[in-house]
Amino acid sequence: MSLLHTGAFVCISLALVLAFYRLVRGPSLPDRVLSLDLTTTLVVGLITVYAVSTGQPLYLDMVVVLALISFLATVAYAHYIEKGGMPWRRR
Amino acid sequence: MAQAVGDVLVFLGALWMLVAAIGVARMPDLFQRMHASTKSPTLGLALLMLGASLHFGAVHITARALAVVVFYFITAPVAAHVLGRAAYLSGVTLWEGTLEDQLKGRYTPHTHQLRSTPTEEMGEEG
C-alpha cells in the first residue's frame with residue numbers, strides 16, 4: 001500500500017467522522033438526511049479507494065449498485081419530510 | 001506511469017470528499033451545508049473514478065467507472081433538489097445573517113405549488 005492510498009483512506013475516514021458529527025448534532029431532520037446522503041457517497045469513495053489499494057476491480061460492482069441506491073433513500077426521506085415531516089415546526 | 005497518475009487522482013478525489021465533509025460540519029445553515037455536500041462529492045467521485053480507471057487500465061473497469069459517474073451526475077442533483085424543497089416547505093430556519101429569502105410567500109401553503117408572485121397572506125406571517 002503506497003503513501004497515496006494511505007492518505008486517501010485517512011481523508012475519507014476523517015470525512016466520515018465529520019459527517020457522523022453532523023448526524024448526531026444536526027439541529028433538524030433534513031440535516032440528518034443530508035448527512036446520511038453524504039455518508040453513502042463517502043462509503044462509495046471508500047470502496048473505490050479499497051478496490052484501487054488492493055488491486056481487486058471486482059469491488060467496483062458494489063460501487064455501481066450503491067451509487068444507484070443512495071439516491072432512492074434520500075428521495076424517500078424527502079417525500080416523508082414534505083408530506084408531514086416536522087410537525088413541531090410547521091408554519 | 002498511468003498507474004501513478006491514477007493514484008494521485010484517487011488521492012485528490014478523497015481530498016475533495018474531505019472538503020465536502022468539512023463544509024457539512026462547519027456551515028451554519030442547512031442550505032449552505034447542502035451547497036457543500038452536493039457539488040464537491042460529485043467532483044470527488046468523478047476524480048476517484050477517473051483515477052480507478054487509470055489505475056487498472058482495462059476497458060471493462062473504465063465502463064463501470066463511467067457508469068457510476070453518469071448515474072451520480074444524474075441522481076445527485078435530483079436528490080438535492082427534492083431534499084431542499086422538502087426542507088424549505090417544512091420550515092427549516094435560515095441563517096441569521098441571511099439578507100433575502102426570495103422564495104418567501106411564493107409557495108401556496110397547502111398545495112405546495114410555486115408561484116411567480118408572492119401571495120398576500122403568506123407574505124405577512126412568514
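I will start with the interface, then turn to a helix of chain A.

Keep in mind that this is a predicted model. How many residues does each chain bring to the contact? Chain B has 47 residues in contact with 45 residues of chain A. Between them the two chains bury about 4,200 Å², and 76% of that is on carbon and sulfur atoms. On the chain B side, the residues that lose the most area to chain A are Phe56(B), Arg64(B) and Leu83(B), which together make up 13% of what that side buries.

Now the polar part. There are 8 residue pairs in polar contact between chain B and chain A, counting pairs with both residues at pLDDT 80 or more. Which parts of chain B touch chain A? The elements giving two or more residues to that side are α1 (2-26), α2 (30-56) and α3 (59-89) of chain B. The largest share comes from α3(B), with 15 residues. By residue class, the chain B side divides into 34 nonpolar, 8 polar and 5 charged.

As for salt bridges, the rule finds 3 across the interface. I will show one pair: the side chains of Glu82(A) and Arg85(B) meet in a salt bridge, at 2.6 Å from N to O.

Last, the helix. α2 of chain A covers residues 29-54, which is 26 residues. From its first C-alpha to its last, α2(A) reaches 37 Å, close to the 38 Å expected at 1.5 Å a residue. What follows α2(A)? Gly55(A) does, and its phi is positive, near 70°.

That is what I have; questions are welcome.

Technical notes
Residues numbered from 1 in each chain as written. Chains lettered and ligands numbered in written order. Heavy atoms only, no water. Contact = heavy atoms within 4.5 Å. Buried area = accessible area lost by both parts, 1.4 Å probe. Salt bridge = Lys/Arg side-chain N within 4 Å of Asp/Glu carboxyl O. Polar contact = N/O pair within 3.5 Å; in protein donor to acceptor, adjacent residues only side chain to side chain. Helix = DSSP H or I, 4+ residues; strand = E, 2+ residues; numbered from the N terminus. Nonpolar A, V, L, I, M, F, W, Y, C, P; charged D, E, K, R; others polar. Expected span 1.5 Å × (residues − 1).
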